[in-house]
Amino acid sequence: MAANNPARPGLFYGWFVVATCMFIAFLTMGTRNAFGAFVVPMEAEFEWNRTVVSWAAALGALLNGVSQPFMGYLFDRFGVRIVVVSGILIVGVSTLLMAATSSMWYLIGIFGVVAAIGQSGTSLTNTGAMLSKWFRRRRGLVIGLNASGMSLGGLIIVPFAAYMISLIDWRLSWVVMGVMILALGIPMALVFLHDDPAKKGLTPDGDPLPEAGPDGSPGAAAPPPQPLFAENWRQAFRSFPIWQMSFSYFICGSTTFMLSVHFVPMAVEEGISPQTAALIFGLMSGLNALGATGAGWISDRIGRRKNWLAAVYFCRGTGYVILVASLVVPGIPVMAGLLIFSFVAGLSWIATAPLTTSLTAEVYGLKSLATISGVAFLFHQLGGFTSVLMAGYLREITGDYVIAFSIAAVMLYPAAISAFTIRERKYSVRYLTAPAPAGAAAD
């Protein structure tokens, strides 16, 4: 009789990988989200208008999306360290170079091109694909924790950046954040990141290795049928579920990038101080951590990820309705509207990431997950590119953000419908039944 093969004692190494991914997202994405705190002082110094500044952020969103499938391909082929460490290096150096901004073209080149491409290496898409290999039963939870690193970055780094700008100036603030990324992010990635638990003699979730059969063959049950498991991204995009997720992701990007760039300036124009506006944005980002982690945890236990994904888009749309109402309806305090919006939108902002990545992994498998997710993320960034420019342009011609945020509210409800109609029970491996082993007696 085969001996038992228990799991290794102690903390599963995968949790160190999760913590490292969270910290990388905290540094790199938190710093990028802090761009909104720099908009007003840079506009004041260079006499730029909001549309001009929006171009740098919008181009960054676009190039980040365009480069993401290529980064995903490199990740699938060469592994996590090369891609993620290179991304941290590029993001850190470009953040330092932001201190030397002297023209609009320089801002577009550094923030809109160089930093955006580096961000593709450290993206949640790549680290989420890696964590999908380390965890199976807790996949939604850990990808949610990974996304919460970005949220915590917004909670801490955005107000920190606003404070530094008021204390010293915006140029030195970029230097401080660039040094933080390089000095802390690269060593953590080199020490703790590993592509696959099998390379360390481990299994997903830290489970015991399957016992061998009497003849020495693997004792694990045969895998269930997997109708849409893909060898490459092209194969995945010949099926309908990935298009439904990509459409919703386009709306997701449209309604989040707009906030990253325009929320703080909008609040300032409504009479809120820059520091208070940054704190409200930080609160929204902090709630992202709770929303992302909670969405992943609940979907692991209750299932039907597409239902939770639809609920997230619906809630975000409702949050935008509340925000617009506070801007246009007499008698509703703007501060109250901003705080309610920050709560509702905060819980739903990053919650799409663990749900979309987990659902993609369960429908299309892990072999080309980073590339497939990267192509889907391109739609997310195309939405961000469009919305940042649209919001800046509409603000210039109307004098406020009411129309832009109203459009965001309307768009989110079709996104919820698209996610809700995904046929998860038909295509997700989570709901498929493994065939009986060969030679098993029939009931």
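Modeller: Happy to! Let me begin with the second largest cavity, where H1, helix H4 (80-97) and H5 each supply at least two lining residues; helices here are DSSP runs of H or I with at least four residues, numbered from the N terminus. This is a predicted model, in which local features need pLDDT of at least 70 and side-chain atom pairs count only at pLDDT 80 or more, while totals for chains, interfaces and linings use all residues. Residues are numbered from 1 along each chain as its sequence is written, and side-chain values use heavy atoms, with hydrogens and water left out.

A cavity is a set of points, on a 1 Å grid over the protein atoms alone, where a 1.4 Å probe fits but cannot get out, and lining residues have an atom within 4 Å of a point. Points are joined across faces, edges and corners, and volume is the space filled by probe spheres set on them.

The second largest cavity holds about 80 Å³, and its lining includes Thr28, Arg32, Phe111 and Trp174. That lining has 5 nonpolar, 5 polar and 1 charged residues, where Ala, Val, Leu, Ile, Met, Phe, Trp, Tyr, Cys and Pro count as nonpolar, Asp, Glu, Lys and Arg as charged, and the others, Gly among them, as polar.

In the largest cavity, the volume is about 510 Å³. Its lining has 30 residues, with Met150, Phe257, Phe377, His380 and Gln381 nearest the centre. Helices giving two or more residues to this lining include H1 (14-33), H5 (104-121) and H15 (369-398), but the largest share, 6 residues, comes from H10.

Note on methods. 1 Å grid on protein atoms, 1.4 Å probe; cavity = no way out; pocket = protein on both sides within 12 Å on 5 of 7 lines; lining within 4 Å.
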